[in-house]
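Okay, everyone, thanks for coming. Let me put the model up and we'll walk through it together.

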Amino acid sequence: MKESTKTQQVGILGLGAIGHVIGAQLFQKSGIRLYFFNRSPRKKLQIQLPDGQELDHGIACMYHPQPIQLDWLVICLKAYHYPGASAWFKHLIGPETRVVVIRNGLQLTAPLSAYTSLSKLMPCLIDCPTQLADDGGYQQFQVARLMIPPHALAAEFQALFPSTAMTIEVVSDFKTTSWEKLCASAALGAITCLSGQPCRVFREEDIVELFRALVKEGLAVAKADGAKITKTYLEQEIEKTRHYPPEKGSSMLNDRQKGNQIEVTAKNGVISELGKKYGIPTPLNDHFTALLKMINQK
Ligand SMILES: NC(=O)c1ccc[n+]([C@@H]2O[C@H](COP(=O)([O-])OP(=O)(O)OC[C@H]3O[C@@H](n4cnc5c(N)ncnc54)[C@H](OP(=O)(O)O)[C@@H]3O)[C@@H](O)[C@H]2O)c1
């Protein structure tokens with residue numbers, strides 16, 4: 001049978017760090033018409049890729065929600081942006097639109113469930129340290145690694161991207177992978193954000209022990225929630241963290257330094273909240289959540 005040559009209409013909602021990573025990969029792919037949607041004006045797609053290649057292209061980006069028929073909507077917002085983005089969801093999600101939510105944490109698709117059916121809605125985790133550079137563009141430090149569940153949209157989503165640009169892995173136990181990412185990133189993010197220092201803090205043994213205790217707390221809640229954490233996970237994560245480049249930051253630290261809101265509720269906050277639900281004490285995450293919320297209240 002002849003393959004369909006229909007141009008795919010793909011929208012990216014949220015043209016920040018991750019929106020740029022995704023946009024950069026789809027920008028030059030044939031057979032795709034790309035739309036960009038963002039809250040603040042953006043005139044360019046500007047990013048330095050991990051191989052040093054610089055992309056700097058003028059784009060037409062929309063700032064006001066209006067109806068557009070899309071085959072795909074890829075959402076690259078932070079958790080706390082969702083309530084403010086509902087007008088976009090109403091206008092951009094039609095009955096045939098396939099929606100992919102890229103972010104880390106739990107229950108990624110919950111804010112979208114009122115707009116479409118579960119068969120058209122897929123969560124996606126991402127490993128891809130990327131941050132705003134001094135020239136106003138973004139710098140992507142590593143080839144992106146995306147993780148998706150064995151969902152009806154999985155193969156079609158993989159096929160959207162150039163084959164060598166990033167890895168998009170189907171993980172059989174999405175809940176466990178989500179929890180593993182959450183526990184490590186909430187601990188690393190909270191410690192770097194509150195200390196105001198990048199990963200060089202993990203050269204200090206007492207800080208490594210604090211990281212261990214925070215991750216352990218999260219893992220106890222994860223297990224109560226049904227995640228199947230392997231016995232080796234914690235030590236592996238600690239070793240990884242000890243050996244991160246000393247200058248590596250975190251998105252929570254970046255947000256603090258830029259005066260942006262910090263993603264607290266979706267990280268340490270959700271660990272505390274679910275700890276209460278399952279009767280698992282989470283004193284460290286409770287304290288860190290309270291401190292991080294204070295920074296957001298400034
Ligand atoms: N950055 C990383 O290294 C990294 C790595 C792994 C995972 N993640 C996760 O990926 C998710 C996205 O993070 P990010 O770093 O890409 O965030 P980000 O840089 O803050 O980008 C979010 C973008 O969404 C836009 N936005 C916010 N509210 C909007 C609205 N109502 N309508 C339209 N656009 C709106 C923002 O616009 P403005 O220009 O107006 O702010 C911004 O451009 C987060 O959950 C994060 O934790 C990030």
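This is a predicted model: local features need pLDDT of at least 70, side-chain atom pairs count only at pLDDT 80 or more; totals for chains, interfaces and linings use all residues.

Residues are numbered from 1 along each chain as its sequence is written, and side-chain values use heavy atoms, with hydrogens and water left out.

A few terms too. Helices (H or I, at least four residues) and strands (E, at least two) are DSSP runs, numbered from the N terminus. Strands pair if DSSP finds at least two bridges between them. For angles, axes are lines fitted to C-alpha atoms, for helices over the stretch in contact, and the values run from 0 to 180 degrees between N-to-C directions. Contact itself means heavy atoms within 4.5 Å.

Look at β3, residues 44-48. On one side, 5 bridges join β3 to β4 (residues 54-58), and those two run antiparallel. On the other, β3 pairs with β10 (residues 138-140) in the parallel sense, over 2 bridges. You can follow that residue by residue: Ile47 stands opposite Leu55 in β4, and Ile47 has Tyr138 as its bridge partner in β10. Likewise Gln48 stands opposite Glu54 in β4, with Gln139 as its bridge partner in β10. The β3-β4 hairpin has 5 residues between the strands, and Gly52 there takes a positive phi near 95°.

Now the other sheet. This one is open as well, 8 strands in the order β5-β2-β1-β6-β7-β8-β11-β12, again with mixed pairing. β5 (61-62) and β12 (167-170) are the edges, each pairing on one side only. Inside it, 4 bridges join β7 (residues 98-102) to β8 (residues 121-127), and these run parallel. Val100, for instance, has Met122 as its bridge partner in β8. And here's α1 again: it packs on this sheet, touching β1 (8-13), β2 (32-37), β6 (72-75), β7, β8 and β11 (145-148), at about 160° to the direction of β2. Helix α4 (residues 174-195) packs on the sheet too, touching β8 and β11, and its direction makes about 40° with that of β8.

Zoom in on Ile18, which sits in α1 (residues 17-27). Leaving aside neighbours within four places in sequence, Ile18 is in contact with Cys76, Ile102, Ile126 and Cys128.

Of the 24 residues around the ligand (a heavy atom within 4 Å), Ile18, Asn38, Ser40, Thr130 and Glu263 come nearest. That shell divides into 11 nonpolar, 8 polar and 5 charged residues, where Ala, Val, Leu, Ile, Met, Phe, Trp, Tyr, Cys and Pro count as nonpolar, Asp, Glu, Lys and Arg as charged, and the others, Gly among them, as polar.

What about N and O distances to the ligand? A side-chain N or O atom of Ser40 is 2.3 Å from a ligand oxygen. A backbone N or O of Ala17 lies 3.0 Å from an oxygen of the ligand, and a polar side-chain atom of Trp88 lies 3.0 Å from a ligand nitrogen.

Notes
A polar contact is a pair of N or O atoms within 3.5 Å; within protein, one must be able to donate a hydrogen and the other to accept it, and residues adjacent in sequence count only if both atoms are side-chain atoms.
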